[in-house]
Amino acid sequence: TWHLKKIPQIVSKRTFSLDSPKFEAKTKLELNSVCGIECQRKLPVPSLSDLKDLLSYETVFENGTRTLTEVNVLGLVLDPAGNTTTRRSSRKKRQIYGTDSRFSIYDKRFMTNFPFNTAVKISTGCSGILISPKHVLTAAHCLHNGKDYVKGSKRLRVGLMKTKSRGDGRKRKGAKRNGMPSFQWTRVKSTHIPKGWFKGVSGDIALDYDYAVLELKRPHKRKYMELGISPTIKMMPGSMIHFSGFDNDRSGQLVYRFCSISDESNDLFYQYCDAEPGSTGSGVYLRLKEPNKKKWKRKIIAVYSGHQWVDVNGEQQDYNVAVRITPLKYAQICFWIHGNDENCTRG
């Protein structure tokens with residue numbers, strides 16, 4: 001069951017103008033030497049002042065201007081347990097683990113209907129998911145490498161899936177066949193990235209904050225997926241998660257997968273869902289029952305950050321990781337969508 005939680009409130013404190021970004025960074029679909037499972041255990045518990053700093057955020061607008069908004073966090077109860085992790089199975093190898101368990105979605109009835117129609121393509125080469133009529137959730141590193149915004153983010157666009165209508169009898173050059181999706185591209189009006197992505201508690205870019213929200217220039221009329229607070233592994237049916245994206249090795253196809261989670265920290269899920277670059281930024285979701293109802297509902301509980309290599313005891317090891325939607329992140333993303341709104345009081 002989805003458990004409703006009273007969540008902290010993120011409120012704007014003050015906003016500063018910053019210099020325009022250079023937009024010169026190269027897009028990297030994989031990150032190296034980030035803080036992994038063992039590293040997470042050693043991190044100090046962030047204080048309230050740390051969290052205010054980490055949850056402050058940059059906004060980049062379509063015209064290239066940039067602002068920094070400092071925030072206050074209200075109603076937060078700090079967890080003294082810190083970044084605990086739960087070990088469930090041994091680490092495996094590579095991005096495709098054993099038999100490739102991904103499904104390419106070809107049928108237009110599935111592709112253009114919920115939940116698959118919520119998957120979008122980001123012009124920098126990543127995926128994302130619709131979270132409101134005007135907002136898309138994706139990974140921060142699809143737009144920023146920790147030091148500068150990537151080249152392609154200056155004129156950022158989001159591709160919403162569409163399929164060729166039967167009435168269009170003319171075959172255009174290079175048109176997609178076999179039910180493969182084409183995209184209706186929409187410009188991005190503004191981009192929000194948490195300051196925690198630029199400087200985490202480990203002194204490096206923090207995977208815990210690898211998420212961003214894009215505001216579209218024009219609203220869409222499609223069904224989107226709501227955010228949910230990420231439950232712990234033991235509260236998930238079969239510990240299973242699901243996500244769909246546009247993997248690079250299956251060009252032009254929407255690729256769906258599901259798998260169980262192996263480990264978790266307060267902010268991250270460690271799992272071995274088969275995935276390739278391109279699916280980074282996909283919305284990870286669950287299907288649980290609504291409280292006091294027989295109805296089932298899908299909600300986004302994490303952002304797929306991608307395949308990561310980390311140093312563990314002097315050796316390079318790998319896993320696939322997703323950034324959990326914690327109560328604080330729920331409050332922040334909800335604030336980006338609604339402002340100081342009553343919609344953000346319960347997750």
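Tutor: The discussion below takes each term in turn and sets it against its definition. Please keep in mind that this is a predicted model.

Student: What makes up the chain, in helices and strands?

Tutor: The chain holds 4 helices and 18 strands. Of its 347 residues, 54% count as buried. Among contacts between residues at least 6 apart in sequence, 76% join residues at least 24 apart.

Student: Why is serine 17 called exposed?

Tutor: The word exposed is kept for a relative accessible area over 50%. Serine 17 has a value of 70%, and therefore it is exposed. This residue belongs to strand E1, which covers residues 9-18.

Student: What does serine 17 touch, apart from its neighbours within four places in sequence?

Tutor: Serine 17 is in contact with Arg66 and Thr67. As for threonine 69, its C-alpha lies 8.9 Å from that of serine 17, although 52 residues separate the two in sequence.

Student: Why is phenylalanine 23 counted as buried?

Tutor: Buried means under 20% relative accessible area. Phenylalanine 23 has 8%, so it counts as buried. Its place is in the loop between E1 and strand E2 (31-32).

Student: What makes the phi of phenylalanine 23 worth a remark?

Tutor: Most residues other than glycine have a negative phi. Phenylalanine 23 is not a glycine, yet its phi is positive, near 55 degrees.

Student: How do you know that isoleucine 129 is buried, and where is isoleucine 129 placed?

Tutor: Its relative accessibility is 3%, and the limit for buried is under 20%, so isoleucine 129 counts as buried. It is part of strand E8. Beyond the residues up to four places away in sequence, isoleucine 129 touches several others, among them Thr118, Val120, Leu137, Met225 and Ile300. Valine 284 is 155 residues away along the chain, with 9.1 Å between its C-alpha and that of isoleucine 129.

Student: What makes a set of residues a nonpolar core?

Tutor: The members must be buried residues of the listed nonpolar kinds, joined through side-chain atoms within 4.5 Å. The largest such core here has 67 residues, and those touching the most other members are Leu55, Ile131, Leu137, Val158, Tyr211 and Ile333. Helix H4, residues 327-338, gives the most to this core, with 8 residues. A second, separate core of 17 residues includes Cys273, Ala275, Val284 and Tyr304. In soluble globular proteins, nonpolar side chains tend to be buried together.

Student: Which residues does leucine 137 touch?

Tutor: Leaving out residues up to four places away in sequence, the contacts of leucine 137 include Ile129, Ile131, Tyr211, Val213, Leu227, Ile325 and Ile333.

Student: How do you know that cysteine 126 and cysteine 142 form a disulfide?

Tutor: The rule asks for two cysteine sulfur atoms within 2.5 Å. The sulfur atoms of cysteine 126 and cysteine 142 are 2.1 Å apart, so the pair meets the rule. By this rule the count is 1 disulfide. The link is left-handed, with -95 degrees about the S-S bond.

Student: Why is this pair said to tie parts of the chain together?

Tutor: Cysteine 126 lies in the loop between strand E7 (119-122) and E8, and cysteine 142 in the loop between strand E9 (135-138) and strand E10 (157-162), so the pair ties together parts that are 16 residues apart in sequence. Both cysteine 126 and cysteine 142 are buried.

Student: What makes a space in the structure a cavity, and how many cavities of 30 Å³ or more are found?

Tutor: A cavity is a space where a 1.4 Å probe fits but cannot get out. The search of the whole structure finds 4 of 30 Å³ or more. The largest cavity holds about 110 Å³ of space. Its lining has 15 residues, and Val60, Ser153, Lys154, Leu156 and Thr191 lie nearest its centre. Strand E11 gives the largest share of that lining, 5 residues.

Technical notes
Residues are numbered from 1 along each chain as its sequence is written. This is a predicted model: local features need pLDDT of at least 70, side-chain atom pairs count only at pLDDT 80 or more; totals for chains, interfaces and linings use all residues. Side-chain values use heavy atoms; hydrogens and water are left out. Buried means under 20% relative accessible area, exposed over 50%, partly exposed in between (1.4 Å probe, protein chains only). Helices (H or I, at least four residues) and strands (E, at least two) are DSSP runs, numbered from the N terminus. Contact means heavy atoms within 4.5 Å. On a 1 Å grid over the protein atoms alone, a cavity is a set of points where a 1.4 Å probe fits but cannot get out, and a pocket is an open set with protein on both sides within 12 Å along at least five of seven lines; lining residues have an atom within 4 Å of a point. Grid points are joined across faces, edges and corners, and a volume is the space filled by probe spheres set on the points.
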